[in-house]
Amino acid sequence: MFKLDRKLAVLAASATLLFSAANAMDTGATKKYDFNGKAIVDGGVYYPVKNGKTGPYYVNPSRTKHSFKGNWRLATKNEIAAWDKDVTPTQHPPKGKGTVEHGEELYEAQCVMCHGDFGSGEGSYPALSRGNAYDLHKTMKNQRYPDPEADGPVRVFGSYWPDASTMWWYIQSGMPHPNTKSLSDDETYALTAYMLYINELRVDGEVVEDGEFELNQDNFLKIEMPNKHGFEPVIDGPQGQENSRKYFNNAKNFGGIRMADFDDRCMKNCQKKSAKVVSIPEGGGIKDFLPPISVVRDLPKAEGPFDPKAGYEANCVACHGGFLSPGAAEWAGYTGKGMDAVVANAIKGTAGGMPPKGGNADLTDEQIKQIVHFMVNGK
Amino acid sequence: MSKNMNENSEVVETASNEIDSEQTSRRDFFKKAAASVTALAGTSLLASGDTGKDDPLIMHHVKWGQKLGDPVTKNRYGIPSPYEHNNVRRNTSLLASGNWQASIAVTPLHESEGIITPNGLFFSRSHGGTAHVDPNEYRLMINGLVDKEIVMTLNELKRYPSVTRTHFIECPANGGQEWRGPQFNSLQFAKGFMASAEWTGVYIKDIIKDLGVSPKALWMLAEGSDNSEMGRTVPMDKVLDDAMLVWGQNGEALRPEQGYPVRLLLPGWEGNLCVKWVKRLEFAAEPFYAKEETSKYTALKKTGKAIQHFYANEVNSTVTHPSPEKPWKGQGLKKGDIVEIQGIAWSGMGTITGVDISLDGGKNYVPANLKGLVLPKSWTRWSYIHVYDGKSLLLTSRAMDDAGYIQPTVDEETSVTGVEAVYHRNAVETWEVTEEGEVNHVQIRS
């Protein structure tokens with residue numbers, strides 16, 4: 001009996017040891033790259049190839065001994081020019097110009113239905129302005145805690161983005177959302193000028209407040225963005241990657257906890273006395289789930305008849321909540337050529353920014369027709 | 001046989017008629033039974049309860065057991081059983097940017113098994129809708145600070161020696177609704193901005209070794225070909241480590257929602273960095289300040305400064321069973337029954353090395369067990385065997401990785417970041433299990 005007990009004790013001890021070993025499990029990871037001897041850029045680990053394996057995966061070492069130049073051809077200059085269109089703080093936008101006034105016209109025609117008047121973000125598309133950029137920049141330390149009703153930080157183009165180059169590039173490559181890459185360089189300057197105007201930003205010391213103001217490739221470089229230095233780590237210049245490496249290898253910078261030995265972690269009485277359970281307030285939780293959450297295993301129910309009102313709410317309300325909304329009087333200006341023409345436009349989309357079928361290709365032409373009739377008649 | 005049936009006719013009625021009316025025509029008995037259809041619930045109770053009665057589902061032939069099944073020619077591409085129709089991606093208008101294009105649909109983690117997400121359930125997030133790319137018209141360009149600026153077709157790209165890796169992809173906004181307190185009483189919405197797959201593609205380092213990359217190149221822009229031209233800047237060291245261009249997902253071509261035909265895969269890093277429908281890689285000496293690395297995906301700290309170029313998703317974990325969607329309530333558990341508490345742990349910085357479980361909201365912890373494959377930058381399953389005692393619990397899991405990181409408490413994390421960061425929330429999560437076995441999302445804060 002005694003022997004057996006001792007055996008059990010030894011077994012228990014080795015089980016404990018095993019667990020410790022599991023915590024210090026040898027995954028083959030290193031905290032430095034083998035190709036440059038530096039710490040891992042994201043603060044994590046690296047798996048060097050050892051005995052033909054990286055971590056748990058075998059690799060074919062022969063693959064690095066050959067050139068695969070037969071797999072590609074050289075790009076032509078024109079091809080590179082056609083695709084390499086990025087605009088950055090160091091790669092400036094091309095030659096061109098545009099005024100605030102022209103930008104406002106473009107905005108009213110192609111942007112307002114989603115981004116709201118003066119970029120207010122009515123509906124749920126992102127706001128582009130909330131007022132004076134320099135005033136709003138002072139909200140960056142605002143915290144909606146413990147008071148959830150407090151004013152939070154305002155993160156819009158003027159108050160938050162570090163560089164105007166991002167806006168120029170964004171507009172030209174990704175806007176307007178349903179018809180991207182359709183704006184000329186001059187139009188992009190004009191819309192960017194309008195963005196400066198609604199955010200009350202300064203260019204070369206002067207607030208943009210005049211519709212005649214013209215933005216061009218020269219004064220573009222003199223836009224004064226208030227949050228230019230609001231970001232860390234500093235990634236510009238030849239030390240940029242080194243700054244990232246240093247930043248992410250100090251867990252305190254991002255609220256992480258990095259331990260030398262997990263045996264030191266807290267296992268008993270780890271909480272302050274003031275710790276309390278915070279629950280979702282009655283009815284305050286988010287329940288707007290599509291489709292509703294269910295784990296029932298039954299056969300799907302047959303779909304009921306199509307409901308044009310629900311179709312409108314699922315596909316159209318974001319842009320049409322305030323513009324050509326159901327039953328709006330302004331529809332009279334669009335129905336002159338008959339309802340069939342309105343339906344046809346809704347199906348194929350319009351130059352004014354309406355995507356084909358409101359952006360939902362799954363809708364049938366008949367369903368679009370029903371939605372259009374609902375929207376024009378308001379019932 | 002008929003005698004037996006008659007003895008149990010009441011029961012047989014309930015078991016045989018709720019779904020398949022076709023069979024009722026076969027025998028008079030079923031015809032008669034069809035007139036008095038009762039709820040399926042009665043059968044379930046009988047099957048699980050200790051009533052001493054025989055289960056008609058065993059005593060009688062099941063309806064699918066006596067007729068021919070589908071031919072193998074049906075569903076050339078297989079689909080799930082129709083009974084699984086609730087196992088789907090879900091969305092909410094709260095997480096839509098005006099439309100369902102610049103939006104997200106999240107993975108049903110409560111129905112996920114193992115460490116692989118079926119392709120049809122992989123969470124889907126894009127900035128301009130799912131693009132449909134013709135693979136024959138696909139081109140990849142590599143330009144910038146390289147001696148040879150090149151173009152490739154899809155077939156040419158696929159000629160490189162392939163590598164296959166299992167990694168999760170996680171949106172850094174996963175859990176981001178919960179900074180100021182618990183919001184989503186749902187595992188799918190609280191943690192489902194992620195999914196995991198086995199990816200096949202080529203290491204980018206294997207391509208660029210032939211191109212003469214300038215030593216001045218510190219960054220790589222990856223740009224999508226979709227309408228938003230989603231772009232992100234990647235540091236060179238990640239390119240030289242494990243960055244891949246992938247075309248395979250769980251043994252087949254990428255799904256359109258995942259960037260068909262080619263996406264960037266940066267193992268462990270923010271999902272949005274893993275640019276989909278990727279068309280161009282540009283090497284440069286300076287970062288690009290693309291739209292989604294300033295307007296979004298920057299984490300504002302309480303100091304008023306925001307972390308930019310935040311890369312790896314930190315060590316994290318969740319309890320999947322039980323969870324708000326999969327509570328113990330209704331499972332017929334009795335005191336003394338054995339029940340597995342299980343979940344997923346993951347880290348974008350390395351390999352999961354352990355998970356602790358707390359039954360009292362993080363006051364006291366005990367080690368749980370890992371199970372299945374434990375891979376770098378991958379979902380890892382963990383398990384804890386619990387004796388059900390009908391008492392209320394506060395279930396909190398806490399994961400560790402081989403880089404030395406351990407999940408912070410809510411207080412520890414917010415003391416540095418504040419509550420306005422939106423992204424990269426990895427504090428421990430707590431489910432409250434009530435005496436009735438309901439599960440609710442709560443937080444422990446001081």
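This is a predicted model: local features need pLDDT of at least 70, side-chain atom pairs count only at pLDDT 80 or more; totals for chains, interfaces and linings use all residues.
**Start with confidence**

Colour chain B by pLDDT. Its mean is 90, and 89% of its residues reach 70 or more. Now select residues 1–47 of chain B. Here the pLDDT is below 50. Beyond near neighbours in sequence, this stretch still has 43 contacts in the model. For the complex, the predictor gives an ipTM of 0.88 and a pTM of 0.88.

**Chain B as a whole**

Show chain B as a cartoon. You will find ten helices and 24 strands. Chain B has 446 residues, and 55% of them count as buried. Take its contacts between residues at least 6 apart in sequence: 71% of these join residues at least 24 apart.

**The nonpolar cores**

Next, select Met220(B), Met244(B), Leu245(B) and Leu264(B). These have the most contacts inside the largest nonpolar core, which has 125 residues. Nonpolar side chains tend to be buried together in soluble globular proteins.

Zoom in on Met244(B). What does Met244(B) touch, leaving aside residues up to four places away in sequence? Its contacts are Val163(B), Trp199(B), Gly201(B), Val202(B), Tyr203(B), Ile204(B) and Leu265(B).

Now move to Val154(A), Ile171(A), Val208(A) and Met375(A). They belong to a second, separate core of 51 residues.

**Helix H3 of chain A**

Select residues 100–110 of chain A, helix H3. Which of its residues are buried? They are Val100(A), Gly103(A), Glu104(A), Tyr107(A) and Gln110(A). Look down the axis of H3(A). These residues cover an arc of only 155 degrees, so they sit on the same side of the helix. Then show what they pack against in chain A: strand E5 (97–99), helix H4 (112–115) and helix H8 (185–198).

**An open sheet in chain A**

Go to strand E6 of chain A, residues 202–203. It belongs to an open sheet of three strands, in the order E7-E6-E9, with antiparallel pairing. Strands E7 (206–207) and E9 (223–224) of chain A are the edges, each pairing on one side only. E6(A) and E9(A) are joined by two bridges. To see one pair, select Arg202(A) and its bridge partner in E9(A), Glu224(A).

**Where the chains meet**

Show both chains. How many residues of chain B are in contact with chain A? The count is 117, and they meet 111 residues of chain A. Highlight strand E24 of chain B, residues 439–445. It supplies six residues, the largest share of the side of chain B that touches chain A. Colour that side by class: 44 residues are nonpolar, 43 polar and 30 charged.

**A sheet across the two chains**

For the last stop, select E10(A), E14(B) and E13(B). They form an open sheet in that order, with mixed pairing. Its edge strands are E10 of chain A and E13 (299–300) of chain B.

Take the link between chains. Strand E10 (residues 231–232) of chain A pairs with strand E14 (residues 306–307) of chain B in the parallel sense, over two bridges. Here Glu232(A) has Ile307(B) as its bridge partner.

Then turn to the pairing within chain B. E13(B) and E14(B) run antiparallel and are joined by two bridges. Select Ala299(B) to finish: it stands opposite Ile307(B).

Methods:
Residues are numbered from 1 along each chain as its sequence is written. Chains are lettered from A and ligands numbered from 1 in the order in which they are written. Two strands pair if DSSP finds at least two bridges between them. Helices (H or I, at least four residues) and strands (E, at least two) are DSSP runs, numbered from the N terminus. A residue is buried if 20 or more other C-beta atoms lie within 10 Å of its own, exposed if 12 or fewer, and partly exposed in between; C-beta atoms are placed from the backbone. The arc is that of the directions from the helix axis to the C-beta atoms. Two residues are in contact if their C-beta atoms, placed from the backbone, lie within 7 Å. Ala, Val, Leu, Ile, Met, Phe, Trp, Tyr, Cys and Pro count as nonpolar, Asp, Glu, Lys and Arg as charged, and the others, Gly among them, as polar. A nonpolar core is a set of buried Ala, Val, Leu, Ile, Met, Phe, Trp, Tyr and Cys residues joined through C-beta atoms within 7 Å. pLDDT is the predictor's confidence in each residue, from 0 to 100.
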